[in-house]
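Welcome! Take a look at the picture first, then read on.

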Amino acid sequence: MASKTTRPVLDTRALNRATLARQLLLTRAEMSAQDATEHLLGLQAQNVKPPYFQLHARLAGFGPAELAGLMESRQVVRMVTMRSTIHTHTVRDALTLRPLVQPARDREINYFRKGLVGVGLDRLAERAREFVEAEPRTMAEIREELLKEWPGADPQSLSVAARCRLPLVQVTPRGVWGKSGQVRLTTLNQWVGKDTGGAVERGVEGAAEGGGLGGEASGIDDAVLRYLGAFGPASVKDMQTWAGLTRLREAFERLRPVLEVFQDENGVELFDLPDGPRPDAEQPAPPRFLPEFDNLLLSHADRSRVIPPELKGSSWTGNQAHCTLLLDGFLAGLWKLEDKAEGRTLTVELFSDVSKAGKAEIVAEGEVLLAEMGDGAGEVRFGSIRA
C-alpha cells in the first residue's frame, strides 16, 4: 500500500543492508544454532540439508552436528507452518507459530472439500491423532486408516485434512544430517514429551472456530515484532507473504505507535523496530552461499531488496529452486555441490562478469563451505549448472 504521507525513504541498497543484518548475513554471528533458528523464526526445510546450509552461511563455527543434535534431542522440530511449507523450528516457536498460521491451513482444507463430503473434520482430527500418537505413521498409513471410516472419501483429501488440522512433526532420523529416514509423523505434543496443556490444539481449534487470525492479539503482535527483527524493514504485505496469511494490517496499526515508519522508493509504507539495525548502504557484504528455498529470498512481497528485477525467476527451473550466491548482498549466481569421480566439486554459475578480485572472494567462501560442510576436500569451479 502506497503511503499518503511523506516518510523517510529507504532505497533498495539500504533495505538490502538492513535485511542482511537481520538475517546474520553481513557478518557471521557468534550465536548458537538454537538461538539463530529462533531469531530467524525458523528455517525453510522442504529438503533435509538446506537448514544446515542456512546456518552455515550465518553462524561462526557452525557444524552440521550442532543442528543434528538439536533434532535428535527434540529441541527443534520439522513441521508445516508458514506458506504451507516445512520449516525447522524450536519447540517454543512450533507451539506459538503453528496456531498463528491455522487460518491458512483451514483455507487449504477448503480446496479439498469435494473429496471430503460427509467427513466430520473434528472426528477426522481425533481419529488421526489417536493413530499417529500410538506410533509415528507415514502419510500413506494415515490415508489408509482414515479410509476405514470414510471409504468413499478422496484419500489425498483425507491426509491433507489431517495434516492441516493437527500440528504434525516429522520424527527423526528424518532431517538429521548424515542419516536417512522415511517421513513419519506424530503430534508435536507427543514428540516433545512435555505437557503443553493442549496449547497447540486450543490455538488450532480457536482459529478454526473464529475464522480470524490464530491466537490472541498479543501473540500476533509478538510475531509482527519478531518478523521485523528478522526480515525488516517491511510492509504489511511483506509479512503476509512470509506467513501465508491475510488481514495483518490491524496488528501493524496497533503497533504503529511503537514502530518506526519509512517508505520505499515506490512510496510503499515500511515498518521497523526503533532499534532495528539499518547499516550504511555502502557497508561491504561478503559473498554468501545460500541453499535452495532460503527464507531470505521468499519472505517479502517485493523481493527487489535481494533479487535485481532483471534476475527475477533466475533461481528457478520449472518448480525446482537452485542454490543461490549473493554478491554485494544481491543475487548474483547459482551453485551446486557434487561428488564426482575426481572428487567433490562446488560449481558456481555467475549471471554476469565478476572481477578477478571478486572471483577470489567467491573461491575463498566456497572453500570455507567445503571445509566446514564436508570432509574439507574439494574444488571450487566456475561454469554452468543449469541444463
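## A charge over a ring, and more

R137 lies over the face of F131, at 3.8 Å from the ring centre. Keep in mind that you are looking at a predicted model. The notes below begin with the whole protein and then turn to its parts.

**The whole protein**

- The secondary structure of the protein comes to 15 helices and 14 strands.
- With a radius of gyration of 22 Å, close to the 21 Å that the globule rule gives for 387 residues, the protein is as compact as a globular protein of that length.
- Along the principal axes, its C-alpha atoms fill a box of roughly 65 × 60 × 35 Å.
- Of the 387 residues, 54% count as buried.
- The protein exposes about 16700 Å², and carbon and sulfur atoms supply 50% of that area.
- Among contacts with a separation of 6 or more, 67% come from residues 24 or more positions apart.

**A sheet of five strands**

- In what order do the strands of the open five-stranded sheet stand? The order is β1-β3-β2-β4-β5, and the pairing is antiparallel.
- β1 and β5 (185-187) stand at the edges with a single partner strand each, so one side of each has no neighbour in the sheet.
- Strand β1 (residues 43-44) pairs with β3 over two bridges, and here L43 has T88 as its bridge partner.
- Strand β2 (residues 76-80) pairs with β3 over five bridges, and T88 is also the bridge partner of R78.
- β2 and β3 form a hairpin with five residues between them. In the turn, R83 has a positive phi of about 55°.
- Strand β4 (residues 168-170) and β5 pair over three bridges in the antiparallel sense, with L185 in β5 as the bridge partner of Q170.

- How many residues of strand β3 (residues 86-90) are buried? Five of its five residues are, so to speak, under cover.
- In a regular strand, side chains alternate between the two faces of the sheet.
- Both faces of β3 are covered: I86, T88 and T90 are buried on one side, and H87 and H89 are buried on the other.
- Helix α5 (residues 91-100) has eight of its ten residues buried, so the rest of the structure largely encloses this helix.
- The buried residues of α5 are V91, D93, A94, L95, L97, R98, P99 and L100.

**Aromatic rings and charges**

- The count of aromatic pairs comes to nine.
- Why is the pair of Y227 and F231 called stacked? The ring centres are 5.2 Å apart and the planes are at 20°; planes under 30 degrees apart count as stacked.
- Y227 and F231 both belong to helix α12 (residues 217-231), where being four residues apart separates them by about one helical turn.
- An α-helix has 3.6 residues a turn, so residues three or four places apart point the same way.
- Y227 and F231 are both buried.
- Y52, F53, W177, F289 and W335 form one aromatic cluster.
- Another charge over a ring is that of R74, whose charged end sits over the ring of W191, 3.4 Å from its centre.

- L188 is found in helix α10 (residues 188-192).
- Is L188 buried or exposed? At 0% relative accessibility, L188 counts as buried.
- L188 and K148 are 40 residues apart in sequence, and their C-alpha atoms are 25 Å apart in space.
- G232 has its place in the loop between α12 and α13 (236-243), and at 0% relative accessibility G232 counts as buried.
- G232 and L273 are 41 residues apart in sequence, and their C-alpha atoms are 7.9 Å apart in space.
- Which residues does G232 touch, not counting those up to four places away in sequence? They are A18, T19, R22, Y227, D272 and R305.

Methods. Residues are numbered from 1 along each chain as its sequence is written. This is a predicted model: local features need pLDDT of at least 70, side-chain atom pairs count only at pLDDT 80 or more; totals for chains, interfaces and linings use all residues. Side-chain values use heavy atoms; hydrogens and water are left out. Buried means under 20% relative accessible area, exposed over 50%, partly exposed in between (1.4 Å probe, protein chains only). Two strands pair if DSSP finds at least two bridges between them. Rings of Phe, Tyr and Trp (its six-membered ring) pair if their centres lie within 6.5 Å; planes under 30 degrees apart count as stacked, over 60 as edge-to-face and the rest as tilted. A charge sits over a ring if NZ of Lys or CZ of Arg is within 6 Å of the ring centre and within 35 degrees of the ring normal. The radius of gyration is taken over C-alpha atoms; the globule rule is 2.2 Å times the number of residues to the power 0.38. Contact means heavy atoms within 4.5 Å. Accessible areas come from the Shrake-Rupley method with a 1.4 Å probe; for residues, only the protein chains shown count as cover.
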